[in-house]
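Colleague: Please show me the model, and let us then go through its features by question and answer.

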Amino acid sequence: MGRGRMDDVAVGAVGDAAGAVVDPREGLRRLRGGLGRRGVALGAGLVLGFLVARARRRG
């Protein structure tokens, strides 16, 4: 996957998440429908990175 494509996926996921704040029912439906394996992997990577950084900061 090229860097440009990954940027597009990230921006789309952020936009869908923002839409979920405004209209939770429609936003979550779009977010769930738009996430494929790549989106799930991206989200898991972000969460894992956050948890690792948090653990290092506290440690």
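Colleague: How many helices and strands are there in the protein chain, and in what order do the elements run?
Modeller: This is a predicted model. The protein chain holds 3 helices and 0 strands. Read from the N terminus, the order of the elements is α-α-α.

Colleague: What percentage of the residues in the protein chain is buried?
Modeller: The accessible surface of the chain is about 5,100 Å², and carbon and sulfur atoms account for 60% of that surface. Buried means a relative accessible area under 20%. Of the 59 residues in the chain, the buried share is 5%.

Colleague: Is Ala13 buried, partly exposed or exposed?
Modeller: Ala13 belongs to helix 1, which spans residues 3-22. Because its relative accessible area is 23%, Ala13 counts as partly exposed.

Colleague: How far apart in space are Ala13 and Gly43?
Modeller: In sequence, 30 residues separate Ala13 from Gly43. From C-alpha to C-alpha, the distance between Ala13 and Gly43 is 9.1 Å.

Colleague: Which residues make the nonpolar surface patch of about 300 Å²?
Modeller: One of its members, Val47, lies in helix 3, residues 37-58. Residues of a patch need over 30% relative accessible area, and Val47 has 49%. The nonpolar patch of about 300 Å² is made by Val47, Phe50 and Leu51.

Colleague: Why is Val47 classed as partly exposed?
Modeller: The exposed class requires a relative accessible area over 50%, and the buried class one under 20%. Val47 is therefore partly exposed, as its relative accessible area is 49%.

Methods. Residues numbered from 1 in each chain as written. Predicted model: local features only at pLDDT ≥ 70, side-chain atom pairs only at ≥ 80, totals over all residues. Heavy atoms only, no water. Helix = DSSP H or I, 4+ residues; strand = E, 2+ residues; numbered from the N terminus. Buried < 20%, exposed > 50% of the residue type's maximum accessible area, 1.4 Å probe, protein only. Areas by Shrake-Rupley, 256 points an atom, 1.4 Å probe, with all protein chains shown as cover. Patch = residues over 30% accessible without salt bridge, like charges linked within 9 Å, V, L, I, M, F, W, Y side chains within 5 Å. Salt bridge = Lys/Arg side-chain N within 4 Å of Asp/Glu carboxyl O.
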